[in-house]
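Please read the following notes with the sequence and the structure side by side.

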Amino acid sequence: QAEAKLTAAIKATGKQASINVDHLKRYAAQLQKVTTFGDETTLSAMALLQNLGDLSEKGLKKIIPGIQDMATAMGLDLTMAAGLVGKTLGSTTNALSRYGIVVDMTGTKQEKLAELTKQMTDKFGGMAKALAQTATGGLTQFSNALGDLKEQGGRSLVTALQPMTKWLTGIISKWADAAKGANNYREAANRVAKGAAKANDDMIVALGQLGKLQQIKGNLKNQ
């Protein structure tokens with residue numbers, strides 16, 4: 001469905017001779033490996049971006065990573081973010097001003113594209129990849145990979161893997177809790193060491209976090 005939307009958008013803007021959908025599909029798949037955005041989600045965002053912005057293949061590839069970074073940083077749906085960028089590129093309205101992005105709307109589309117790409121990189125660069133490297137992001141990437149497997153006819157295999165997927169999700173969540181507990185313990189202990197106010201209260205918090213951490217580690221050993 002996402003591919004069909006993108007194909008239709010390219011045709012509607014008269015770019016079917018210059019934009020190769022297969023190239024964009026491969027690019028979306030590459031981005032899926034390093035972000036939490038599935039390739040179908042990226043293709044759908046590209047479709048709306050093309051409808052509103054009427055870009056070249058190079059332009060789509062140039063701007064979409066920045067849109068992913070902005071969407072991640074601002075907590076936006078990727079398609080919504082793409083729509084805001086597309087509107088800004090394809091009209092005289094800066095739909096991104098509320099997010100602190102200032103664009104000279106009197107410039108050409110190529111000038112606005114270059115300016116938008118730079119500003120999104122400066123403000124949000126690397127956010128999408130950073131999220132993918134967290135425990136939560138890793139689970140999302142795993143889910144995206146299973147989705148791809150289903151699309152390739154591996155539905156029965158995905159079903160067989162569901163128990164393992166559930167177990168793995170639990171393990172990763174517990175490790176994330178353990179890491180959070182360790183960080184909280186270190187922060188509380190540091191406040192006590194620096195003689196911060198309410199040292200006794202902080203020590204109680206620190207010991208509580210340490211006990212929670214030890215309990216989580218004990219549970220993990222029994223898995």
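1. Among the elements that cover the buried residues of helix α1 are α2 and α3. Helices here are DSSP runs of H or I with at least four residues, numbered from the N terminus. The model is predicted, so local features need pLDDT of at least 70 and side-chain atom pairs count only at pLDDT 80 or more, while totals for chains, interfaces and linings use all residues. Residues are numbered from 1 along each chain as its sequence is written, and side-chain values use heavy atoms, with hydrogens and water left out.

2. In α1 (residues 2-12), Ala2, Leu6, Ala9 and Ile10 are buried (under 20% relative accessible area, with exposed meaning over 50% and partly exposed in between, for a 1.4 Å probe and protein chains only). Viewed down the axis of α1, these buried residues fall within an arc of 100°, so they line one face of the helix; the arc is that of the directions from the helix axis to the C-beta atoms.

3. On the face of α1 turned away from its buried side lie the exposed residues Lys11 and Ala12. Gly14, which follows α1, has a positive phi, near 70°.

4. Helix α2 (residues 21-34) and helix α3 (residues 39-53) have axes that come within 8 Å and cross at roughly 130°. Axes are lines fitted to C-alpha atoms, for helices over the stretch in contact, and angles run from 0 to 180 degrees between N-to-C directions.

5. The contact (heavy atoms within 4.5 Å) involves residues of α2 including Leu24, Tyr27 and Leu31, and residues of α3 including Leu43 and Met46.

Conventions:
Helices (H or I, at least four residues) and strands (E, at least two) are DSSP runs, numbered from the N terminus.
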